Amino acid sequence: APDVLTKCIEAVEKRGMQQQGIYRIAGTMTEVKSLKNELNKDPSAVRVDDVRWTDINCWAGCLKLFLRELPNPLFTFELYDQFVAAADSAGEVASLVDELPEAHRVTVNTLLQHLQAVVQHEAVNKMTSHNLAVVFGPTVLRPRDNEVMKLAANSDKHIIIVEHLINRSDEEQGPVNPARLDEADYYWGAVSREVVADKLR
């Protein structure tokens, strides 16, 4: 999975699992952008306990921003209509995850395992699988820019799809082994696909 994502997950799992409203409450945008810029330079050089970003909502916000800015969403434009059509069937949704390109599939599974861990603390953080799905549904599932009407029409289904996946058991979860991204569309800002692929080998 991308280093930016795993670094943000590391921070949240270290300091934010019992933070009420984690992922729902927004961090300060100036701090989120500052953290994004540092992660964009070299994720491995950024410490999760850096005093510049003590607000854990900043890390959570950076993770959401990374996913939102992917040029091709995590669930991909290509499979968007199929995911929406399968929204009422948890099994069909899970099968479609297996059809995602490897880099996307690995990242989806990494994110889902993290969100499942967040739900384990819902008594304290108040983030149920549904609440997390409300936050992440529109971030990981979106149609192409010229199909914006679908975004509003399918908003409820976005939530249902993500909630299905969060509620899967660990045994049903796919592998999260690192994948090379040579052929993937993962980049952030001005960082090229080739540079990201080299970092994530």
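This is a predicted model: local features need pLDDT of at least 70, side-chain atom pairs count only at pLDDT 80 or more; totals for chains, interfaces and linings use all residues.

Me: Let's start with helix 6 and helix 8: is their crossing left-handed or right-handed?

Reply: Residues are numbered from 1 along each chain as its sequence is written, while side-chain values use heavy atoms, with hydrogens and water left out. A crossing is left-handed if the near helix is turned anticlockwise from the far one by less than a right angle, and right-handed if clockwise. Where helix 6 passes helix 8, the crossing is right-handed.

Me: Which residues of helix 8 make that contact with helix 6?

Reply: Contact here means heavy atoms within 4.5 Å. Helix 6 brings Leu-111, Leu-115, Val-118 and Val-119. From helix 8, the partners are Ser-129, Leu-132, Phe-136 and Val-140.

Me: And by class, how many of the residues in the contact of helix 6 with helix 8 are nonpolar?

Reply: Ala, Val, Leu, Ile, Met, Phe, Trp, Tyr, Cys and Pro count as nonpolar, Asp, Glu, Lys and Arg as charged, and the others, Gly among them, as polar. This contact has one polar and no charged residues, and its nonpolar count is seven.

Me: Are helix 6 and helix 8 roughly parallel or roughly antiparallel?

Reply: Angles under 35 degrees count as roughly parallel, over 145 as roughly antiparallel, 65 to 115 as roughly perpendicular and the rest as oblique. The axes (lines fitted to C-alpha atoms, for helices over the stretch in contact, with angles from 0 to 180 degrees between N-to-C directions) of helix 6 (residues 102-119) and helix 8 come within 10 Å and cross at roughly 155°. The two helices are therefore roughly antiparallel.

Me: What about helix 3 and helix 8: roughly parallel or roughly antiparallel?

Reply: The axes of helix 3 (residues 56-68) and helix 8 (residues 129-140) come within 8 Å and cross at roughly 30°. This crossing is right-handed. At that angle, helix 3 and helix 8 are therefore roughly parallel.

Me: Which residues of helix 8 does helix 3 meet, and how many residues in that contact are charged?

Reply: Leu-63, Lys-64, Leu-67 and Arg-68 come from helix 3, and they meet Val-135, Phe-136, Thr-139 and Val-140 in helix 8. By class, the contact of helix 3 with helix 8 has five nonpolar residues and one polar, and the charged ones number two.

Me: Back to Leu-132: is it buried or exposed?

Reply: Leu-132 lies in helix 8. Leaving out neighbours within four places in sequence, its contacts are Ile-22, Tyr-23, Leu-115, Val-118, Val-119, Met-127 and Ile-166. Buried means under 20% relative accessible area, exposed over 50%, partly exposed in between (1.4 Å probe, protein chains only). Leu-132 has 0% relative accessibility, so it counts as buried.

Me: Tyr-23 turned up in that list. What is its phi?

Reply: Tyr-23 sits in the loop between helix 1 (3-15) and helix 2 (29-41). Most residues other than glycine have a negative phi. Tyr-23 is not a glycine, yet its phi is positive, at about 80°.

Me: Where is Thr-76, and what is its phi?

Reply: Thr-76 is in the loop between helix 3 and helix 4 (80-85). With 3% relative accessibility, Thr-76 counts as buried. This residue other than glycine has a positive phi, near 70°.

Me: How many helices does the chain have?

Reply: Helices (H or I, at least four residues) and strands (E, at least two) are DSSP runs, numbered from the N terminus. The chain has zero strands, and its helices come to eleven.
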